[in-house]
Amino acid sequence: MRRFMQAIRFEKKVILIATLIFILFSIVGFVASDPINESLKQAGVWEQFQQKVEDIKQDPGLLNVFQVILSNNLLATASMIGLGLFFGVYPVIGLAFNGLLLGVVIGISSEQTGSSPVTLFVTQILPHGILELPALIFAAALGIRLGILSMGTLAGLGSAVIRKRNQSAWKAYLERVPSLVIGVAVMLTVAAFIESSLIVYFS
């Protein structure tokens with residue numbers, strides 16, 4: 001736990017950037033929920049989510065729901081971290097996409113139910129999102145940092161000073177990664193248990 005918090009503090013600037021990207025696109029998704037929703041429909045995004053719902057309906061037991069949610073979340077965050085190697089582009093896109101989804105869901109739900117967006121966020125998203133969303137942001141921050149290091153490695157090809165500095169940065173990053181990855185996995189596990197419990201309870 002101590003190492004996890006130390007790693008979070010070390011990455012606080014990148015985490016702040018990742019948080020701002022997520023919040024910005026959440027606002028965009030909320031403000032332009034109708035046109036973005038149509039675009040998501042045309043792209044087949046909601047069909048993919050519907051397929052996951054169908055997987056849960058086939059076996060609505062707690063264990064299956066938990067496994068479906070956790071496996072999807074772990075795959076998404078692992079992709080954000082690993083594919084960050086390609087200059088951090090993928091985790092930024094992932095943050096933007098997830099932010100848009102959140103904004104659209106809250107915008108559409110608010111329009112259909114007449115409920116306040118804040119109320120919907122607190123009652124529908126926050127119970128499991130209080131851990132899931134930070135885990136997503138931490139994973140994206142790890143991916144962005146990996147992208148920064150990749151760019152530094154390229155820059156170091158023409159400069160011994162930059163290459164030496166980048167070697168130290170890589171070493172520090174690799175020392176932080178295990179505690180951050182474990183922390184993210186634990187957060188996603190707890191979030192998946194909360195979400196699956198709520199789904200089973202209300203179904």
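**Reading the core of a helical chain**

Guide: This is a predicted model. The largest nonpolar core holds 37 residues, and L95, F138 and Y173 have the most contacts inside it.

Visitor: Why is this called a nonpolar core?

Guide: A nonpolar core needs buried residues of kinds such as Leu, Phe and Tyr, joined through side-chain atoms within 4.5 Å. L95, F138 and Y173 belong to such a set, so each of them counts as buried, under 20% relative accessible area.

Visitor: Which elements give two or more residues to this core?

Guide: They are α1 (2–10), α2 (12–31), α5 (62–82), α6 (89–113), α7 (117–155) and α8 (160–202). The largest share, 13 residues, comes from α7.

Visitor: What is Y173 in contact with, leaving aside its neighbours within four places in sequence?

Guide: Its partners are E11, I81, L142, R145, L146 and L149. Contact means heavy atoms within 4.5 Å, so Y173 has heavy atoms within that distance of each partner.

Visitor: How many helices and strands does the protein chain have?

Guide: Eight helices and zero strands. From the N terminus on, the elements run α-α-α-α-α-α-α-α.

Visitor: How much of the protein chain counts as buried?

Guide: Of its 203 residues, 40%. Buried means under 20% relative accessible area, so 40% of the residues fall below that cut-off.

Key:
Residues numbered from 1 in each chain as written. Predicted model: local features only at pLDDT ≥ 70, side-chain atom pairs only at ≥ 80, totals over all residues. Heavy atoms only, no water. Helix = DSSP H or I, 4+ residues; strand = E, 2+ residues; numbered from the N terminus. Buried < 20%, exposed > 50% of the residue type's maximum accessible area, 1.4 Å probe, protein only.
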